[in-house]
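Open the model in your viewer and keep the selection panel at hand. Each stop says what to pick and what is there.

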Amino acid sequence: MIRKGDTFVNANWGDALQKVASEMKAAGSGIKAIAGQLADAETLVSLKDLVNALGSENVTVDNRRQDTPAHGADFRSNYLLNSTIAGIEQADALLLIGTNPRHEAAVMNARIRKSFVYNGLNVGLVGAPVDLTYDYDHIGADTSSLEALVSGKHAFSAQLAAAKNPMIIIGSGVTDLPDSEYVFSAVSKIVDQHKDKFFQDNWNGYNVLQRVSAIGDFFRLFQIQ
């Protein structure tokens, strides 16, 4: 139905979509797009392209902290698992931040365990201590413990420095935290210290684990092989 004055009138889909297109063009750069938490990756990218074509960069996903947009929604590297799940077996040091992959990505967690058992993968965790089915170095329960990694004071810093293919996985739930900007800033510093290892020709060790993707596209999104 389409609003006319103070009432609504019946309309076919052609008229309705024409009306929507007209209103969107009129809004131009003033438009804002908000995607639901179960939208698949392809839809999110299409929505971003549509809004960008109208001259707006104001696109985000629905999240708990309505005053804060999803971190880096406009950058492809922030909604892909860049290392891929299969790539976990190439990593020799893995830092988990604000995520419980056993609950949020069980298939990925199984791959981490496999790499831990057979490849001797060193795993560090920043966040609440949980049972991940493999041993890990608990760096700290709160985000301030990242400072020990930035400064090199924590032993796991040496693991990252010595790794040939270091890997970081940040849980998307971090964006719900009041200090989310601090977390991403600290991670940026850690990655920058070893950027020649995090970013190689055949390796990208920076990853964001999305927890609200539709199940069907979860597997395509994380490129399970």
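Select Ala155, Ala158 and Ala162 on helix H6: these residues are exposed. This is a predicted model, so read each stop as a property of the prediction.

Now turn to the other side of H6, residues 155-162. Which residues of H6 are buried? Pick Phe156, Ser157 and Leu160. Look down the axis of H6: the buried residues fall within an arc of 110 degrees, so they line one face of the helix. An α-helix has 3.6 residues a turn, so residues three or four places apart point the same way.

Next, show what that face packs against. Strands E5 (93-97), E6 (122-126), E7 (137-140) and E8 (166-171) are there, together with helices H5 (146-150) and H7 (180-193).

Select the core next. The largest nonpolar core holds 23 residues. Leu95, Ile97, Leu146, Leu149, Ile168, Ile170 and Val187 have the most contacts inside it. E5, H5, H6, E8, H7 and strand E11 (206-209) each give two or more residues to this core. The largest share, six residues, comes from H7.

Zoom in on Leu149. Beyond four places in sequence, Leu149 touches Leu95, Val126, Ile139, His154, Phe156, Ser157, Ile190 and Gln193. Apart from this core lies another, of 18 residues, including Ile88, Met108, Leu125 and Trp203.

Last stop: His194, in the loop between H7 and helix H8 (195-198). Is His194 buried or exposed? His194 is buried, because its relative accessible area is 14%, under the 20% cut-off. Leaving aside neighbours within four places in sequence, His194 contacts Leu160 and Ala161. Leu160 brings you back to the buried residues of H6.

Note on methods. Residues numbered from 1 in each chain as written. Predicted model: local features only at pLDDT ≥ 70, side-chain atom pairs only at ≥ 80, totals over all residues. Heavy atoms only, no water. Buried < 20%, exposed > 50% of the residue type's maximum accessible area, 1.4 Å probe, protein only. Helix = DSSP H or I, 4+ residues; strand = E, 2+ residues; numbered from the N terminus. Arc of directions from axis to C-beta. Contact = heavy atoms within 4.5 Å. Core = buried A, V, L, I, M, F, W, Y, C linked by side-chain atoms within 4.5 Å.
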